[in-house]
Amino acid sequence: MRKPLLSLVAVLGLAACATQPMMAPPPPPPSGPVAAAISPNIAAALSDPSRPAADMVRDENRHPGAVLTFAGVRPGAKVADLIPGGGYFTRILAKSVGPRGVVYAYVPDELTKLAKREPAVNAIARDPAYSNVKVILNTLPNFSAPEKLDLVFTAQNYHDMHDKFMGPADLSVVNRQIFKALKPGGVFLVIDHSAEAGSGLRDTETLHRIDSAVVRSEVTAAGFVFEGESRVLKDPGDTRKVNVFDPSIRGKTDQFVYKFRKPATAR
């Protein structure tokens, strides 16, 4: 089972973040269950007093510090939070990139129509504490941002893009749009619930899971290079046969964290 990170202070002696590039050079994928250290800007974001207490409780299972450190988030980065839901990661990203950075919370129109209410992330964008959050409402296949991005981030949503309520979307189009939106060298980070190996798209509608091999194949087909996997959300206690909302497994699913990079030579 996953264990919570015990320390956020191991790297506080690093050089000032203002002199660092927007996205860090690729670190080697963690080989153990958790990353060794959390970037200082992300550690500060996690402890920010404007975060809801309910979000902080979820940190134990979601390991946002290790995940965003693996993604290479730096102050000043331009980030898209694709399908932000209630904004759990949106808030952390906003504080991690700081006032020089921007977080574009991209909410597909398909979801807004289904929910029949304004996106929850709108409340975050209206909060002065998160003035660098901008909400984008558009269809999923039209994914784009007002400026080139350092990171496109999506958590537990990739499988949804294949489901009927999303169209289903043509992922070859969506992934090409994400590729186009990123700067050369930019990162696409995908987190999702693992389905059984070899199951393909069988469980996206029923169990809300996806075969990680499908994600890797679809994303790299758009021109991305697979850079590595963090194992921080791996959980061998999950059989991958149960709906992710089942009380017996909710919050404890086996998840993959895949990091893809747009080649530096691409445009």
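Helices (H or I, at least four residues) and strands (E, at least two) are DSSP runs numbered from the N terminus. The model is predicted, so that local features need pLDDT of at least 70 and side-chain atom pairs pLDDT 80 or more, while totals for chains, interfaces and linings use all residues. Residues are numbered from 1 along each chain as its sequence is written, and side-chain values use heavy atoms, without hydrogens and water.

Within α2, the buried positions are D55, D59 and R62; buried denotes under 20% relative accessible area, exposed over 50%, and partly exposed the range in between (1.4 Å probe, protein chains only). These three residues lie on the same side of α2 because they cover an arc of only 90° around the axis, the arc being taken from the directions from the helix axis to the C-beta atoms. On the face turned away from this buried side, A53, A54 and V57 are exposed.

## The largest pocket

The largest pocket has a volume of about 1,100 Å³. Among the 40 residues lining this pocket, G85, G86, A155, Q156 and N157 are the closest to its centre. Two or more lining residues come from each of α2 (53-62), β1 (78-82), α4 (88-97), α5 (109-115) and β4 (149-155). A pocket is an open set of points on a 1 Å grid over the protein atoms alone, where a 1.4 Å probe fits, with protein on both sides within 12 Å along at least five of seven lines; lining residues have an atom within 4 Å of a point. The volume is the space filled by probe spheres set on the points.

## Buried polar side chains

S39 is found in the segment before α1 and is buried, with a relative accessible area of 7%. Its side chain forms a polar contact of 3.1 Å with that of R74; such a contact is a pair of N or O atoms within 3.5 Å, one able to donate a hydrogen and the other to accept it, and residues adjacent in sequence count only if both atoms are side-chain atoms.

T253, in the loop between β6 (225-230) and β7 (255-261), is buried at 2% relative accessibility. The T253 side chain makes polar contacts with the side chains of H193 (2.8 Å) and Q255 (3.3 Å).
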